[in-house]
Amino acid sequence: MQAGLRFEQLTNEEKHQHFMERINRGEKIEADDWMPDDYRTSLIRLISMHGISEIMGALPEKEWVPKAPSLHRKLAIMAKVQDEMGHGQLLLRVAEDLMAPLGNTREDIMQDLFSGKLKFHNVFHMEAPTWGDAGMIAWLVDGAAIISQSMMLDSSYGPYARALKRICAEEVFHAQHGESIILALAEGTPEQRELLQDALNRWWTSLIMFFGPKSAKETGNSNADRNIMYKIRTKTNEELRQEFFTKYIPRIWALGLTIPDETIHFDEETQLWIYQDVDWSEFKQIVSGNGPRSQDRLDLRRRSYDNNGWVREALAAQKAI
Amino acid sequence: MSEQENQFYNVYEVFSKKTDKASFQHQFSLLAPNADMALVMAKENFFRRETVADIWVVKRENIRGLTQGEREMLKRMDKNYRETKGYGYLKKKWRDYNQEQFTEKHIMGGREESR
Amino acid sequence: MNKAMNEQEQSALIELIYQLGDDDFILAYRGSEWLGLAPHIEEDVAFSSISQDMMGHATMYYHLLEELGEGDADGLAHLRKPGAFRNAILLEKVNGSGTYLEKPDYDWAFTVVRNYFYAVHKQIRLESLRLSTYEPLGDAARKIMTEQYYHLMHWELWFKQLVTSTDVAKKRMLSAVGKVWKDFGGVLTLGPSYSEMVKAGFIEDENLLKKRWLNRIDRIFEETGVPPQGEPLIESGNGRKGEHTQDLADALATLSEVYATNPASGW
């Protein structure tokens, strides 16, 4: 930027250039800074989906909170689901501040969720019928989430990076909570091992889908490319998926579990995992609200939101005191 | 969106200090209908693991910050007459008199600046 | 306690600790059902901490029972029949219609009033237990009290703000006060062996504790304009005698669903 010139006097083009220079120097953008419209909308899309996925993600695990099979497990899973809600809180606050100039609030986020306009992660549309699923969610779904979140720890958007830093620190506890559950099952009775294997069979496809399609070809949009250009994220979906395989497949095998994909193997030549790709039209169906538990979980959230409307009204009226 | 719903969601910025001796630091923000609720929410939303010695909540609209343009006012030229680095030559001078130059340590009463 | 307890004293002590543990256990469970469904996200997080604390307190009490030869804590929490539970019936009642998995039409007013009244009582009870002649119980009470301050502050704030707010809120809160009042007597009683507990100095006289509770609640009622409610009742039965409702049986079935499939196995 020209010395002495006030920022407000710059043309939009100059502001954009200044913005890109800052990003490329590794500077962090803050909520009140000037930003290109598509940077703002990309962030809102990404972070509100991330935030609401944490909130919706509390629901499948919550099913197992009261049923957790010991006092210690009950406490730990309660703390873990609480953290998910807490992560949702942190992320929604980041998204809400980005939306404020557009006149939108948390109320709009909730309404967009209920109307289906705001989507949440594919994994949280799925069933979690046994305690094995609670373990699988905490171990592999959280494991996948850690990989995609930690990639954005150095995101160009400061508030997101700071929220992720806190979230990732708590995820370390989650990962260990998950490992503790699945190791107990893996070392348990044949029935307990079966719980675990069944859960892995149920979750494998969802885990592949978790990182999203390989390229824009499958989805027809290029959000990922734009997010990389703006240094919001640093890796492609496929790079993250490969990282996940490298980290977890050896452990899954070490526990004597079977991955429900006979073709999966590491190719020494390309240094990549070869695997059976999934049906991405099914993925689209699921995230559009047509997964096995999509509507039930949305109904839970909608119902609690409606039932507690009087509480929000009452406290809004209390503001004066 | 109704007027009332809007009032329920006020942004409060949360500050905390880790120990009695520490300074307050900005943490995160939350939505709450009033300051009392904000305080009660803040404790478990942000300090359920780490220790904390005190918490402040401040309604965001009461904070006057700088715009991106106004942040230009933070820039300035080097003013070494205000800082110790402008007086580096004193060390050599005192040496000529066989005296040691007083540093921050002597001036702060022998204490390292407490952090 | 320095001198050895006689059999009667020991059984009164065990009876008391079951009441303490079961009260916290079952209300913590009711709290955990709210997870993800509270009036707003920030409150969801705060409420969950309280449920965790209470579940932790129950665990401490069950460990005291374990030391007194009642069997291991997890077994006590997961394998007893409803008739062996000593919690007050008010605390086992469902949060509202539906279940936590399906169509939960939960009543926040009832939750606030029940938890607030219970938090006040728990504080008073802990202050008494702090001086218990059974030292492990006194130690536990002192530890638990450090967390109780926040619970009380949290629920008192919710109670005051809702009951002094809109007409809708006031109506819902007063109706919840009425509902809770009908069974709060069940929380305040120490059950059939109460005179043994008091004589041995495990806890103070239940009438004394009740008076303290009424004094404190009266003050809040006066401050917030809630009409006096008279004597708290025990309408639905006395949980201290092992009398319970279907709500408890259903809750225990959920709580032990996984554990009971194989109690001997590690989980």
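**Entry 1: A:M56 and its surroundings**

I started with the contacts of A:M56, leaving aside its neighbours within four places in sequence: A:F120, A:F124, A:R297 and A:R301. I count two residues as in contact if their C-beta atoms, placed from the backbone, lie within 7 Å. This is a predicted model, in which local features need pLDDT of at least 70 and side-chain atom pairs count only at pLDDT 80 or more, while totals for chains, interfaces and linings use all residues. For bookkeeping, residues are numbered from 1 along each chain as its sequence is written, and chains are lettered from A and ligands numbered from 1 in the order in which they are written.

I placed A:M56 in helix α2 of chain A. My helices (H or I, at least four residues) and strands (E, at least two) are DSSP runs, numbered from the N terminus. Is A:M56 buried or exposed? A:M56 is buried, because 24 other C-beta atoms lie within 10 Å. The cut-offs I use are 20 or more other C-beta atoms within 10 Å for buried, 12 or fewer for exposed, and partly exposed in between, with C-beta atoms placed from the backbone. I also looked up A:T234, which is 178 residues from A:M56 along the chain; their C-alpha atoms are separated by 26 Å.

**Entry 2: positive phi in chain A**

A reminder to myself: most residues other than glycine have a negative phi. I noted A:K231, not a glycine, with a positive phi of about 55 degrees. A:K231 sits in the loop between α9 (223-229) and α10 (237-254) of chain A. With 18 other C-beta atoms within 10 Å, A:K231 is partly exposed.

A:Q271 is not a glycine either, and has a positive phi of about 60 degrees. I found A:Q271 in the loop between β1 (265-267) and β2 (272-274) of chain A. A:Q271 is exposed, because 9 other C-beta atoms lie within 10 Å.

**Entry 3: where chain A meets chain C**

I get 41 residues of chain A in contact with 44 residues of chain C. On the chain A side, α2 (37-62), α3 (71-99), α12 (294-307) and α13 (309-317) give two or more residues. Which element has the largest share of that side? I see α3(A) there, with 13 residues. By class, the chain A side divides into 21 nonpolar, 12 polar and 8 charged residues. Here Ala, Val, Leu, Ile, Met, Phe, Trp, Tyr, Cys and Pro count as nonpolar, Asp, Glu, Lys and Arg as charged, and the others, Gly among them, as polar.

**Entry 4: where chain B meets chain A**

I find 20 residues of chain B in contact with 20 residues of chain A. On the chain B side, α1 (3-8), β2 and α2 (35-46) each supply at least two residues. The most comes from α1(B), with 5 residues. I sorted that side by class and got 8 nonpolar, 10 polar and 2 charged residues.

**Entry 5: chain B, its sheet and its domains**

Chain B has 4 helices and 3 strands, and along the sequence I read the pattern α-β-β-α-β-α-α. Of its 115 residues, 17% are buried.

The 3 strands form an open antiparallel sheet in the order β2-β1-β3; I call two strands paired if DSSP finds at least two bridges between them. β2 and β3 of chain B are the edge strands, each pairing on one side only. On average, neighbouring strands are turned by 30 degrees against each other, direction ignored.

For the individual pairs, I see 6 bridges between β1 (residues 10-17) and β2 (residues 25-32) of chain B. Across that pair, B:F15 stands opposite B:H26, and B:E13 stands opposite B:S29. β1(B) also pairs with β3 (residues 54-59) of chain B, in the antiparallel sense over 6 bridges. There, B:Y12 stands opposite B:K59.

I then checked the domain assignment, whose bounds come from an automatic or database source. The assignment gives domain 1 (3-62) and domain 2 (78-107) in chain B. What separates their C-alpha centres? The centres of domain 1 and domain 2 of chain B lie 44 Å apart.

Conventions. Axes fitted to C-alpha atoms, helices over the stretch in contact; angles between N-to-C directions.
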